[in-house]
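I opened the notebook to look up some packing details in this structure. The entries follow the order in which I checked them.

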Amino acid sequence: MSGKKIEVIQNIFDENDRIASIVNESLEQLGILVINIMGAPGAGKTSSIINMVKNLPGEKVYVIEGDIESDIDTVKLKELGIETIQINTNGACHLDAPTIEKSLQELTIDQPGILFIENIGNLVCPAEFQIGEHVKMLICSAAEGSDKPYKYPLAFEKANIILLTKCDLKAYVDFNDEFFLRGVRALNKSVPIFEVNAKTGAGFQEVSQWLINRKN
Amino acid sequence: MHEMSLMSEVFEIINQTVETNNIRQVKKVNLQVGRLANVAPDSLSFIFGILAQGTKCQGACLMVEEMPVTANCLTCDQEFHGEGFPLICPACGSRETYITGGTEFRVASLEVDEEVKSNN
């Protein structure tokens, strides 16, 4: 009996990334732009989806709602006539590609459009797992504070578009625009940042136009 | 905290390796974890011990090698080591960089005892 070293060199994310590529390509072939929506709990992810959809009148929209528990958001979206399916992770802190691949079997995609996948409210883990998206959208609220890029750099570094929500609260929470922007730009020099307010709908027309441009 | 699901993936890789090689006992598992991988080595060791019970990894040692952050400058093409975010090119000061290393999380190798071949 002898000891032996076996080289493996296999990435833990390989299997996830392989499935993510399959999801990405198969949806692209159907003319679907996939948006991975990431943000902290309460950042305004669902409210942002609702406002983006309002400004996408000519687009077919699909939503996959990821939550640890409950179907509150799915009920809300379905009441607005938005085709939505719910994933409950029962504790898992992020969505992964196998979960999305499986849930897509429940979704009837009958025409091209935009698929929003609302990730679990969390600024850490979702940034690490590809789920088949074409765009990583980071939702960050003014109420969370202007220090978030410094505290959760990976999410800001990987974002393709950032929505700063609850901008009407800036004055009440002493939001420091300059400090926030400096933090974002240090990580991600060219990411577009849209200031929005889901209560009034301000700013969402521009966001939806960005999505349409990205899709075409 | 998703070290449990990540460690399950590690075991998938180990089990495949155990199946395709003639392994009696795994003595050491060498992992490489990037500094930006957001994985806590202490949690990995704890979970490894739990998942190893009753498998060919029981009693094995888990070694976690921390991998440095490396990046490439998009402005001047300089390769450099970074300490973390924000990544700034030491040669030209540009912040337009992309990460080339430091986010990896992989099984590098296994140190094992092989099955004794019966020649009878």
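Leaving aside neighbours within four places in sequence, which residues is L31(B) in contact with? The model I am reading is predicted. I find M7(B), V10(B) and L44(B) on the list, then L62(B), M63(B), V64(B) and E65(B), and finally F105(B), R106(B), V107(B) and A108(B).

Entry on the cores. I looked up where L31(B) belongs, and it is listed with M7(B), F48(B) and F105(B) as having the most contacts inside the largest nonpolar core, which has 30 residues. I then noted the elements that each supply at least two residues of this core: from chain B, α1 (3-20), β1 (23-34), α2 (41-52) and β6 (105-114), and from chain A, β1 (3-11). The most comes from α1(B), which gives seven residues. Apart from this core I found another one, of 26 residues, and wrote down V61(A), V63(A), I82(A) and V135(A) as being among them. As a general remark, nonpolar side chains in soluble globular proteins tend to be buried together.

Entry on the helix pair in chain B. I checked how α1(B) and α2(B) lie: their axes come within 10 Å and cross at roughly 55°. That angle makes α1(B) oblique to α2(B), and I recorded the crossing as right-handed. On the α1(B) side the contact has E3(B), M4(B), M7(B), S8(B), F11(B) and I14(B). These meet S43(B), L44(B), I47(B), F48(B), L51(B) and A52(B) in α2(B). By type I get nine nonpolar, two polar and one charged.

Entry on the helix pair in chain A. The axes of α2 (residues 45-54) and α3 (residues 72-79) of chain A come within 11 Å and cross at roughly 15°. The cut-off for roughly parallel is under 35 degrees, so α2(A) counts as roughly parallel to α3(A). I noted this crossing as right-handed. The residues that meet are T46(A), I49(A) and I50(A) in α2(A) with D73(A), K76(A) and L77(A) in α3(A). They divide into three nonpolar, one polar and two charged.

Entry on E118(A). I located this residue in strand β5 (residues 113-118) of chain A. Is E118(A) buried or exposed? Its relative accessibility is 3%, so E118(A) counts as buried.

Methods
Residues are numbered from 1 along each chain as its sequence is written. Chains are lettered from A and ligands numbered from 1 in the order in which they are written. This is a predicted model: local features need pLDDT of at least 70, side-chain atom pairs count only at pLDDT 80 or more; totals for chains, interfaces and linings use all residues. Side-chain values use heavy atoms; hydrogens and water are left out. Axes are lines fitted to C-alpha atoms, for helices over the stretch in contact, and angles run from 0 to 180 degrees between N-to-C directions. Helices (H or I, at least four residues) and strands (E, at least two) are DSSP runs, numbered from the N terminus. Angles under 35 degrees count as roughly parallel, over 145 as roughly antiparallel, 65 to 115 as roughly perpendicular and the rest as oblique. A crossing is left-handed if the near helix is turned anticlockwise from the far one by less than a right angle, and right-handed if clockwise. Contact means heavy atoms within 4.5 Å. Ala, Val, Leu, Ile, Met, Phe, Trp, Tyr, Cys and Pro count as nonpolar, Asp, Glu, Lys and Arg as charged, and the others, Gly among them, as polar. A nonpolar core is a set of buried Ala, Val, Leu, Ile, Met, Phe, Trp, Tyr and Cys residues joined through side-chain atoms within 4.5 Å. Buried means under 20% relative accessible area, exposed over 50%, partly exposed in between (1.4 Å probe, protein chains only).
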